[in-house]
Amino acid sequence: MAATAAAAAVRPSLPRTSPRRERSTSCCSFAPATSAPRSTCLPSSVISVPVQRWRCTVTHTGTWSRRLHGPRWRCTQAQVASGTVDDDEACELVRGTDLVIGQGDDESVRAYLLEAVKNNNGTCVLFLPDVFGFEDSATRDFAYRIACHGYNVLVPDLFRGNPWKKSLPMDGFQAWLAEQAPERVSGDIETCRKWLVDDFLAAAPSKKLGVVGFCYGGGRLVETLARDADSCFSAGVCFYGSRMDASLGAQIAAPVLFVCGDGDPLCPVETVRELERRARGAKAAVYAGRGHGFAHRPESLEDDGDAEDAFAKMKSWLHDHLLA
């Protein structure tokens with residue numbers, strides 16, 4: 001294969017949020033641990049770099065802040081929530097691997113795979129990122145949190161190494177977006193879906209596949225599910241999808257949870273409600289006063305509270321449709 005694997009995985013780094021608030025739950029600090037070779041062999045169409053694992057050290061504290069120094073995140077495993085883990089015990093939760101899926105420079109797709117370690121439930125989630133790409137810290141953090149709940153999460157590079165950058169002037173956004181050919185993007189998503197179904201899930205106890213998308217990825221989620229004639233996807237969660245085509249709703253068979261704020265000009269509530277009406281088994285969760293990106297880029301205490309609620313709704317939706 002001419003394509004080469006990406007550089008070492010980016011460790012989760014927390015999104016910018018409001019200052020510390022009182023919290024009674026435990027928190028965890030993560031540090032990279034020496035990784036062991038993978039126990040399963042990837043197919044010849046995949047190049048991988050050595051696995052990077054994350055070790056969770058549990059500490060108890062009366063306060064909690066998401067603006068922390070270094071790569072940290074609170075534990076979400078049931079054993080931690082129930083207090084069955086000692087403060088000094090370290091438990092490996094997730095391992096991450098950079099992949100190149102497919103063959104040939106024109107057809108291969110870079111991706112980042114996060115695999116649950118101790119509580120793996122055997123299901124997969126295809127995670128379609130926003131315009132800032134698959135290496136963005138907020139995207140990685142959210143995908144990591146999903147993996148902490150037992151899912152295997154694949155985050156593809158939908159922009160072929162050229163995501164939108166916060167430092168660029170907005171008057172160039174439309175020109176950048178025009179470079180992202182819809183046929184190429186949909187083809188890359190299909191390459192990743194096929195690999196998950198044919199290769200990764202083939203060895204898993206569960207064959208169920210979900211899809212989560214943010215913003216740009218949310219719009220592509222709607223298109224992906226509308227094309228899913230073979231019903232490969234069992235559930236979807238769309239966070240404030242941009243450029244969504246409501247007319248595609250009738251073609252969507254998988255149950256979809258649509259999450260948005262009523263103050264988001266990029267994701268009109270009317271479009272979300274229309275998709276909810278047209279798509280079978282769809283449900284909308286509309287948050288009053290919230291704008292674009294509140295669930296994975298919260299900027300206030302109010303955003304943060306609704307972000308936690310949205311994550312809980314997503315977690316329940318995935319559980320009910322992929323595990324129950």
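In which strand is the place of Pro156? Pro156 belongs to strand 9, where strands (E, at least two residues) and helices (H or I, at least four) are DSSP runs numbered from the N terminus. The structure is a predicted model, in which local features need pLDDT of at least 70, side-chain atom pairs count only at pLDDT 80 or more, and totals for chains, interfaces and linings use all residues. Residues are numbered from 1 along each chain as its sequence is written, and side-chain values use heavy atoms, with hydrogens and water left out.

Pro156 is buried, its relative accessible area being 0%, where buried means under 20%, exposed over 50% and partly exposed in between, with a 1.4 Å probe and protein chains only. Leaving aside residues up to four places away in sequence, Pro156 touches several residues, among them Val109, Arg110, Ala111, Phe134 and Cys192, contact meaning heavy atoms within 4.5 Å. The C-alpha atom of Pro156 lies 7.6 Å from that of Ile189, 33 residues apart along the chain.

Asp157 is placed in the loop between strand 9 (152-156) and helix 3 (173-178), and it counts as buried because its relative accessibility is 3%. A polar atom of the Asp157 side chain lies 3.2 Å from the backbone nitrogen of Arg160. Beyond its neighbours within four places in sequence, Asp157 is in contact with Val109, Arg110, Ala111, Phe134 and Asp188.

Leu154, with neighbours within four places in sequence again left aside, is in contact with residues including Leu99, Ile101, Ala111, Trp195 and Leu196.

How values were computed: A polar contact is a pair of N or O atoms within 3.5 Å; within protein, one must be able to donate a hydrogen and the other to accept it, and residues adjacent in sequence count only if both atoms are side-chain atoms.
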